[in-house]
Amino acid sequence: MPMNKFTGKTYAESIAIIADTWGEREALIYGSRRYTYRQVKQEIDNASRKLQSLGLRKGDKVAIWLPNRPELLFVWLAAGQIGLTAVIMNTRLRLEEAGYQIVQSDSRAVIVAGDGAFRDFVGELVELCPDISSVAPGEKCGGEGFPVLDHIVVLDPTSHDHSALIQWDAIDFNTETPLDYEKDPDSPALIVYSSGTTALPKGALLSHSIWRKAGDHGARFYQTPDDKLYLCVPLFSILSTVNGVMTFWAGGSSVVLEDRFDAEKMMATIEREKCTAAYLLPLMTQRALELPNFQDFDLSSLRTGIILSTDPDAYMQVYEKLGMKGFITSYGMTETSSACVRTWSDDSVEVRLGGHGKPLPDIEVRVADQVTNIELPRGETGEIQVRGYNTMLGYYKKPEETARAFTEDRWYKTGDAGIHQEDGSFRFLRRLTDGYKHKGFNVSAAEVEVAIERHPEVKSAAVLGLPDKTFGYIGIAYVILTEGADVTPEALLVYVKEHLASFKIPAHIFITDAFPMTAGTEKVQKFKLRDMALQELAKHSAKVL
């Protein structure tokens, strides 16, 4: 295999490589906006100059709270190449969740969309930072609640009239100003929050090495500069950034970016742009197949891609119906900089559906006993553990959680159950820890339980995930009410929706008098709650959504 040209390279060096190598080739398509690789670098460099003009310097954090659009990519990469750390935030976060991440990450600036976005990002930030109304231009805008926050930067015109808000287009900069590029590839560049088993989210801190990782991803589907990715999965996910945009740009391929999903538009875009790859959620495939004119679209260009699912039926749908014969399966997470094992697109269908592939170059993967961390023989179920340049630097400002996440010899403990199969491939089975994945995103059961227990009429809550063909898992909550309470499950769902991002909200809440407990340890037996939930859903013929 040829040497990965991104090994040991920083963001700045990697961006220079793709611009010099692929130059006038098309890198990004977003509606009517089209960018070559040279234009992408120019946009990134100018964004870096704007960030420098704000007074941001190496080590500072910049929160990016944006829907899918080119500026998210430009600002993210611009921050990284000059030694800032980008904090890419989930656009579905509730206000208090967003506030926590901005504060916990020590972000000095937050970049948001203005009018026309699907939510009022500016208005919500003003609600979070009420002191902004009395802040003069150039002064810190965060107030007591956000002591580090200096700038709220808005990309678009906004109806909110506050002098402290900064319009992105109004930031003055000189295109000739030299940039102070980061030179250390092991330095931090990105924070992505991932809900674990604790009540508060943890910010996984990733270095510049993710470019090296992206450089190895494409080999497994025989990527060429002629490939073109259809991407509508949110850019706040590591799947879309490192596994998506960065991977395709590392190989000189194009990315067709959509801001929101529409089945007919997706089909028309794949046909018009002759996309060769697509990253899809099962629901996206389902909606496309339900189109009455599905057969009218020409998808013959589509050859490979990823389905965010562990359900073989979801893959067979795209194989048989969308013609994606070279789909790949893989396993990874934010803390491992996305995929660490991956199949090849020309592996047999049985191999691809029977496992998630073999480790990428220079990455070690093993299955070990979760308690002793001793590697288990092939074929035995244990915890998937990963070691290599790709594992996170740690959880930002959470030393105890970081220490628990690694063994003494630096194996990252994923909390996932898996098998090292006889052919050398690995297969993910399920979460070992108290959490689940909904729509491909980790949900902390403890975090949801805490949110439900904030309700004054709730004494205790227990949350678990149930397998679901469309969404991977759905959340189920069992709740014990305080004495004399008469709140309904429907009212509790309304309450939770005000405090949690949409992907964390349980599909069903059940009221109970007591939880099944383990004698001695007094731990909730969630496996029994799972059986109870299945019986309850069957009894009421509840449709799982």
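**Group meeting: a walk through the model**

Okay, let's start in the middle: the largest nonpolar core has 135 residues, and Trp76, Leu190 and Trp249 are the ones with the most contacts inside it. By nonpolar core I mean a set of buried Ala, Val, Leu, Ile, Met, Phe, Trp, Tyr and Cys residues joined through side-chain atoms within 4.5 Å. Buried, in turn, is under 20% relative accessible area, exposed is over 50%, and partly exposed is in between, with a 1.4 Å probe and protein chains only.

Before I go on, this is a predicted model: local features need pLDDT of at least 70, side-chain atom pairs count only at pLDDT 80 or more, and totals for chains, interfaces and linings use all residues. Residues are numbered from 1 along each chain as its sequence is written, and side-chain values use heavy atoms, with hydrogens and water left out.

Which residues does tryptophan 76 contact, leaving aside its neighbours within four places in sequence? Tyr11, Ile64, Ala86, Ile88, Leu190, Ile210, Thr241 and Met246, where contact means heavy atoms within 4.5 Å. Apart from that core lies another, of 27 residues, with Tyr230, Ala288, Ile307 and Val318 among them.

Val318 takes us to helix H10, residues 312–320, whose buried residues are Ala314, Tyr315 and Val318. Looking down the axis of H10, these buried residues fall within an arc of 95 degrees, so they line one face of the helix. That arc is taken from the directions from the helix axis to the C-beta atoms. Helices (H or I, at least four residues) and strands (E, at least two) are DSSP runs, numbered from the N terminus. And what covers those buried residues of H10? The cover includes strands E12 (277–280), E13 (304–307) and E14 (326–327), plus helices H9 (282–289) and H11 (349–354).

E12, E13 and E14 also belong to an open sheet of 7 strands, in the order E2-E1-E11-E10-E12-E13-E14, with mixed pairing. Strand E2 (33–36) and E14 are at the edges with a single partner strand each, so one side of each has no neighbour in the sheet. Two strands pair if DSSP finds at least two bridges between them; E12 and E13 do it in the parallel sense, over 4 bridges. There, alanine 278 is opposite glycine 305 in E13.

Methionine 333 has serine 338 in E16 as its bridge partner. Between the strands there are 4 residues, and serine 337 takes a positive phi near 55 degrees.

Now for charges. How many salt bridges are there? The count is 27, taking a salt bridge as a side-chain nitrogen of Lys or Arg within 4 Å of a carboxyl oxygen of Asp or Glu. One of them joins aspartate 45 and lysine 41, at 3.1 Å, N to O. Both sit in helix H2 (residues 37–53), 4 residues apart, or about one turn of the helix, and both are buried.

Another joins lysine 58 and aspartate 180, at 3.4 Å, N to O. Lysine 58 is in the loop between H2 and strand E3 (61–65), and aspartate 180 is in the loop between strand E7 (165–167) and strand E8 (188–194), so this pair ties together parts 122 residues apart in sequence. Lysine 58 is partly exposed, at 39% relative accessible area, and aspartate 180 is partly exposed too, at 42%.

There's also a network of salt bridges linking Glu26, Arg34, Lys228, Arg272 and Glu273.

Then there's lysine 398, in the loop between strand E20 (394–395) and helix H12 (399–405). Leaving aside neighbours within four places in sequence, lysine 398 contacts Tyr100, Gln104, Pro201 and Lys202.

Last stop: serine 253, in the loop between helix H7 (238–250) and strand E11 (254–257). Serine 253 is buried, at 0% relative accessibility. Aspartate 227 is 26 residues from serine 253 in sequence, but their C-alpha atoms are 5.1 Å apart in space. Not counting residues up to four places away in sequence, serine 253 touches Glu26, Ala27, Tyr37, Gln223, Thr224, Pro225, Asp227 and Phe248.
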